[in-house]
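Here is a friendly note to read with the model open beside you. Take the points in order, and find each element on the screen as you go.

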Amino acid sequence: MTRRATVVLLFALWPALAVAQMGAAPPPRPATPGVLQEIGFDQRLGESVPLDLAFTDEAGRSVKLSDYFGKKPVVLSLVYYQCPMLCTISLNGLAGALEVLSFVPGQEFEVVTVSFDPSETPDLAAAKKKAYMARYRRPEAHAGWHFLTGPSASVEALTRAVGFRYVWDAATRQFAHPAGLLVLTPEGKISHYLFGVEYAPKDLRLALVDAAKGRIGNLADQLLLYCYQYDPQTGRYSASILNLVRLAGALTVLGLGAFILTATRKRRAASDTPPAPAAGER
């Protein structure tokens, strides 16, 4: 497991541990150190996800991953619906970022949340979707945020394809797993990983615009993509100093050019205007 994934997991568990120390009801026990070494993200940037995998959506319908690809970028979150802590925190972080975005699931992009526990049912998926639709409060998103369950073969193929490593911890009777999101292109290629349990709306928006190759967003988004670069190690966008300097230089040249052009036109207009006759010449 990577250091980042370990820190994220322990950080997410810390508030519950603190509550337990204050005498509240005991929270779920943290995963054992040996288990933590087995979980994390192995990045597969640029690789394709198998879109023919079969799942079941929250309404009990048989679907394939390909049903959500083809035209729009996709945000993929891997959770399990009965997770006592980390998955809920991660989904809350996703919902919080979506609330800030002007983009709406189902319009500019799709959100696909998949349970990696093959024993979970569409009823659990439906309950989770109902809870997050009530929080999100954008009715049009109902058709764009999907909650899936599936058989072991599909789950294992998907998690392996995206490099999501998780294990069942028998000591705690929970899955130990990393936290994060993936953004995929409309063609199903892995474009970005966003790590952690809170996702900056700026990072999510730029990842979606980047994955869509300019098919969504506006000119301001394209300028931001020029000025900010995605760092695969951190899963975030940071300012590109070199590109900022280049942009500032280009804007300076354009500004000087506009000033010179305006001044030249004014000078020519003044020279083309005949002088006013003197008072005695009228």
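1. Contact here means heavy atoms within 4.5 Å, and helices (H or I, at least four residues) and strands (E, at least two) are DSSP runs, numbered from the N terminus. Please keep in mind that this is a predicted model, where local features need pLDDT of at least 70 and side-chain atom pairs count only at pLDDT 80 or more, while totals for chains, interfaces and linings use all residues. Residues are numbered from 1 along each chain as its sequence is written, and side-chain values use heavy atoms, leaving out hydrogens and water.

2. Which residues of α4 are buried? They are Ala125, Lys128, Lys129, Tyr132, Met133 and Tyr136 (buried is under 20% relative accessible area, exposed over 50%, partly exposed in between, with a 1.4 Å probe and protein chains only). These residues lie on the same side of α4, because they cover an arc of only 135° around the axis, taken from the directions from the helix axis to the C-beta atoms. The face turned away from that buried side carries the exposed residues Asp123, Lys130 and Ala134.

3. Next, the sheet. It is open, with five strands in the order β6-β5-β4-β10-β11 and mixed pairing; two strands pair if DSSP finds at least two bridges between them. The edge strands, each pairing on one side only, are β6 (145-148) and β11 (190-195).

4. Look now at β4 (residues 74-79) and β10 (residues 180-184), which pair in the antiparallel sense over four bridges. Val75 has Val183 in β10 as its bridge partner.

5. Finally, the aromatic rings. Rings of Phe, Tyr and Trp (its six-membered ring) pair if their centres lie within 6.5 Å; planes under 30 degrees apart count as stacked, over 60 as edge-to-face and the rest as tilted. By this rule there are 15 aromatic pairs. Phe41 and Phe164 have ring centres 5.5 Å apart and planes at 65°, so this pair is edge-to-face. The two belong to distant parts of the chain, 123 residues apart, with Phe41 in strand β1 (residues 40-41) and Phe164 in strand β7 (residues 164-165). Phe41 is buried at 7% relative accessibility, and Phe164 is buried at 5%.

6. How is the pair of Tyr193 and Phe195 arranged, stacked or edge-to-face? Their ring centres are 6.2 Å apart and their planes at 20°, so the pair is stacked. Tyr193 is buried at 0% relative accessibility.
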